[in-house]
Amino acid sequence: MRQSTGKYINKLSDFLEQAENIAVVCHTNPDGDAIGSMMAMYHYLLDKGKKPEMVSPSDLPDFLKWLNKSSEIFVYDSNSEKVADVLAGADLHILVDFNSMSRTGSLETELNRQEKPRILIDHHPQPDVKADYIISEPAFSSTAELIYDLVSHLEKDSYRNPDFIEAVYTGMMTDTGNFSFGTYDGETMRIVGALLENGLRKDYITDMVYDNFSAGRMRLKGFALAERMVVMEDISTAYIYLSRDDMNRFNHAVGDTEGFVNMPLSIAGIKISVLFLEKDDHLKLSLRSKGDFSVNDLARKYFNGGGHLNAAGGRLEMPLHDGIKYFESIIRKEVNK
Ligand code: 5GP
Ligand code: MN
């Protein structure tokens, strides 16, 4: 059950009051909640008369580029000098939506080199980030919802900026799989109700996020299901793997495989699902589960990663087919425990 975030407000206000130039930073391969929570914070700070900047370690997917002011996000991979300047010029760094510095990828070294006051705002369990102040609330559906709650306390429920509302809703919607999981205590739905009363364009956002793909992406999805899905029925597990050649064949763009990991969970009886993506120098794994099998524990133990009970990620330094073999051997052991 979630706790009130009221206890954070005095300290958070102090940090915000003392800072003028504020860098808000999200995790690498940013998803809807990383971008949504970063942008929500950005719009709020801008309205408070601060000078905020947004920093992402890597580029954002097209299905998030409709968000107002998303073009002002500085991307470290393509603009590293500017990002270093922004971080150096800030008197406060606000890190959002991750629980481990390794989630900032190539930006980690640069962030750690700078000794700036640092706040973490996140909803992943077991935060392991060195920060001057940590606001970690795993009972929240998303970091965006947590930021909405904090701002509601700070502004006594009177803050209604439309850009803020759209950013918050985008984070909440994407991190809950369009409100299909992680929304158990009613509060998430009550917040959606409040956002609607304040003018939220719900159907527009659904359309921009979920119905905004290229034909190549739809074909890649069909190919992945038809040719690259392996079902291990006896252990309620299924996985999908995509090589670099597979992705190139369908003109893969950033974000095209978003959501693929959830597809095998639609098969009756399947409780664990994994997506293997072959990257230039490693394998990226996405893991999902239903029920009490912890993919967070699995990712921590075997795949240098982590996440939540039912949604986690990790990596392997192995060729694709070795990684799959390794997974097959350990998953059988772990499921039968
Ligand atoms: P996704 O599979 O969508 O990339 O990530 C699912 C969840 O796992 C997210 O909540 C994300 O924060 C977490 N996650 C993904 N990759 C990693 C990783 O490499 N390390 C850790 N600690 N968490 C990850
Ligand atoms: Mn999140």
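In sequence, the residues donating to the manganese ion (ligand 2) follow the spacing D-x63-D-x25-H-x51-D. This is a predicted model: local features need pLDDT of at least 70, side-chain atom pairs count only at pLDDT 80 or more, and totals for chains, interfaces and linings use all residues. Residues are numbered from 1 along each chain as its sequence is written, chains are lettered from A and ligands numbered from 1 in the order written, and side-chain values use heavy atoms, without hydrogens or water.

**Stop 1: the metal.** Select ligand 2. Asp33 (OD), Asp97 (OD), His123 (NE2) and Asp175 (OD) coordinate the manganese ion at 2.2 to 2.4 Å. Donors are N, O and S atoms within 2.8 Å of the metal (3.2 Å for Na, K and Ca); water is not among the atoms, so sites may look incomplete.

Now pick His123 and Asp175. His123 sits in the loop between strand E5 (118-122) and strand E6 (133-136), while Asp175 is in helix H6 (residues 162-175), 52 residues apart. Helices (H or I, at least four residues) and strands (E, at least two) are DSSP runs, numbered from the N terminus. Both His123 and Asp175 are buried (under 20% relative accessible area, 1.4 Å probe, protein chains only).

**Stop 2: His43.** Go to helix H2 (residues 32-47), where His43 is found. His43 counts as buried because its relative accessibility is 3%. Show its contacts (heavy atoms within 4.5 Å). Beyond four places in sequence, His43 touches Asn68, Lys69, Tyr159, Asn161, Asp163 and Phe164.

**Stop 3: helix H5.** Select residues 143-154. Of the 12 residues in H5, 11 are buried, among them Glu145 and Asp149. Just after H5, Lys156 has a positive phi of about 50°.

Note on methods
Buried means under 20% relative accessible area, exposed over 50%, partly exposed in between (1.4 Å probe, protein chains only). The expected span of a helix is 1.5 Å times one less than its number of residues.
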